[in-house]
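Have the structure open and follow along point by point.

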Amino acid sequence: DYVTIFSEKTPIELLEEIEDELSDSWDDDGSPSNGAKLLRKFGEFRKRILIVFGTLFVTACIAGVYSQTIFDFLIQPLCAAGSTGAPAIPGVMPEMGGKCMLYPTSPLEPMLVFFKLSLLIALFATAPVLFYQVWAMIQEYVSSKTKAWMFGFVGGATFFFVGGAAFGFFVVFPPAFAFMLSVGGPNIVTLATPSSYFSILSMLLLGFGATFELPLLMFLLSRLGVTDYKFYLKYWRHAIFLLFVFSAAITPTTDPLTMGLMGGPLAVLYFVGVLMAYVAGRKGPTLLAERLKELDEFKDDFEDDD
C-alpha cells in the first residue's frame, strides 16, 4: 500500500481522476456537453498565463531602462577572455583605444538586442511568479499537509534556476570564450556582433538554468510516486552518459574542458537528486513500475498467443 506523503491518492488514482475530468460532461440546461471540465482547466490555465505574461511585461519594461548597463556587464566574460586567454582581443581596433567593442551589422541591431535582453532579464527576475503559478496548477492534486510546501517549491526552483545561470556565467563562460577566441590563432581578430554574442549568451544562461532544475524534478517525481531512487540508481550510468551528451550539445565549444565544466556539475546534481528522491520516496510500487509490469504481462500474453 502507498504511504500518504505527497498526495492523498496513489499515482494511478490521480491518473484515473484526470482522465475522468477530461471525459466528464455537463451543461447549464442539463444536456451532456463533453469536455466541460477541460474547458474550466483551460480557463484557469489562461488566467495564470496572463498573470505570468503581465508580470513579465512590467519587469521587462523596467529592465529595458537599464539594458545598456546590463549588457555592458554581460559582455565581461568575452572581453576578459579576449584580453587574457586568447592571442587576439575580440573586436579591438587601435583607433578605439584598446576597448572591447562589439560591432552591429545594422542600426537596428542594438535596439533589438536590448529588447531581447530585457525579456531575458525579466524571465529570471519573475521566476518566483512563474514557479508559483506552476505550483498553483498542481496543488489540487496534493494533500493538505503538503500545500505548505509552496514556499519550499518556489524557493528551490528559483534557486536552482538562477543559481544554474550564475554558475554558467561566472564559471563556464570565461574558459569557453577563451577557447573560442584562441581557435582562430593570432592572425584572426574576432569582430563579435551584439546579436551573435547575445544568441550564445541567452542559450547558455537558459540551458544552465533549466538543467539545474534536475534535482527538484527528480524529487517531485519521487514524491508523486512516478519513480523512486531505486530507478535512478539502476540507470545512473545511462543518465550520466546522457547528461554529458546534453552538455556537449548545449555548450558552444567542443573542447572537453568546457563540456566537463557543465557535465561534471550536472552529474553531481543527479546524485543530489537521487538523495532527494530517497528522502521523498513512498512505499509501494511506483507508477512507472506498474506500467512496466503491465508491459511485461502484455508481452507474456502475446508470446503465449503465438
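**Notes on the helix packing**

1. Let's start with α12, whose buried residues pack against α7, α8, α9 (214–223), α10 (229–234) and α11 (236–250). Bear in mind that this is a predicted model.

2. Which residues of α12 are buried? They are T258, M262, G263, P265, L266, A267, L269, Y270, G273, V274, A277 and A280. As for length, α12 covers residues 256–280, and at 1.5 Å a residue its 25 residues should span 36 Å. The C-alpha atoms at its ends are 35 Å apart, which agrees.

3. Now look at the core. The largest nonpolar core holds 53 residues, and those with the most contacts inside it are F173, Y197, L201, L205 and Y270. Helix α7 (residues 150–183) gives the most to this core, with 13 residues. As a general point, nonpolar side chains in soluble globular proteins tend to be buried together.

4. L205 is worth a click. Setting aside neighbours within four places in sequence, L205 is in contact with L120, F124, A165, F169 and F173. L205 also belongs to the set of α8 residues that α5 meets.

5. That brings us to α5 and α8. How do they pack? Helix α8 spans residues 194–211, and the two helices pack at an angle of about 10°, with their axes 10 Å apart. That angle is under 35 degrees, so α5 counts as roughly parallel to α8. On the α5 side, the contact involves E109, V113, K116, L117, L120, L123 and F124. These meet P194, S195, F198, S202, L205 and L206 in α8. By class, this contact of α5 with α8 has nine nonpolar, two polar and two charged residues.

6. A bit more on α5 itself. Buried in α5 are E109, V113, L117, S118, L120, A122 and F124.

7. Is S67 buried or exposed? S67 sits in helix α3 (residues 67–74). Its relative accessible area is 7%, which is under the 20% cut-off, so S67 counts as buried. Leaving out neighbours within four places in sequence, S67 is in contact with F114, L117 and S118.

8. Finally, take A249, which lies in helix α11. A249 counts as exposed because its relative accessibility is 63%.

Definitions and conventions. Residues are numbered from 1 along each chain as its sequence is written. This is a predicted model: local features need pLDDT of at least 70, side-chain atom pairs count only at pLDDT 80 or more; totals for chains, interfaces and linings use all residues. Side-chain values use heavy atoms; hydrogens and water are left out. Buried means under 20% relative accessible area, exposed over 50%, partly exposed in between (1.4 Å probe, protein chains only). Helices (H or I, at least four residues) and strands (E, at least two) are DSSP runs, numbered from the N terminus. Axes are lines fitted to C-alpha atoms, for helices over the stretch in contact, and angles run from 0 to 180 degrees between N-to-C directions. Angles under 35 degrees count as roughly parallel, over 145 as roughly antiparallel, 65 to 115 as roughly perpendicular and the rest as oblique. Contact means heavy atoms within 4.5 Å. Ala, Val, Leu, Ile, Met, Phe, Trp, Tyr, Cys and Pro count as nonpolar, Asp, Glu, Lys and Arg as charged, and the others, Gly among them, as polar. A nonpolar core is a set of buried Ala, Val, Leu, Ile, Met, Phe, Trp, Tyr and Cys residues joined through side-chain atoms within 4.5 Å. The expected span of a helix is 1.5 Å times one less than its number of residues.
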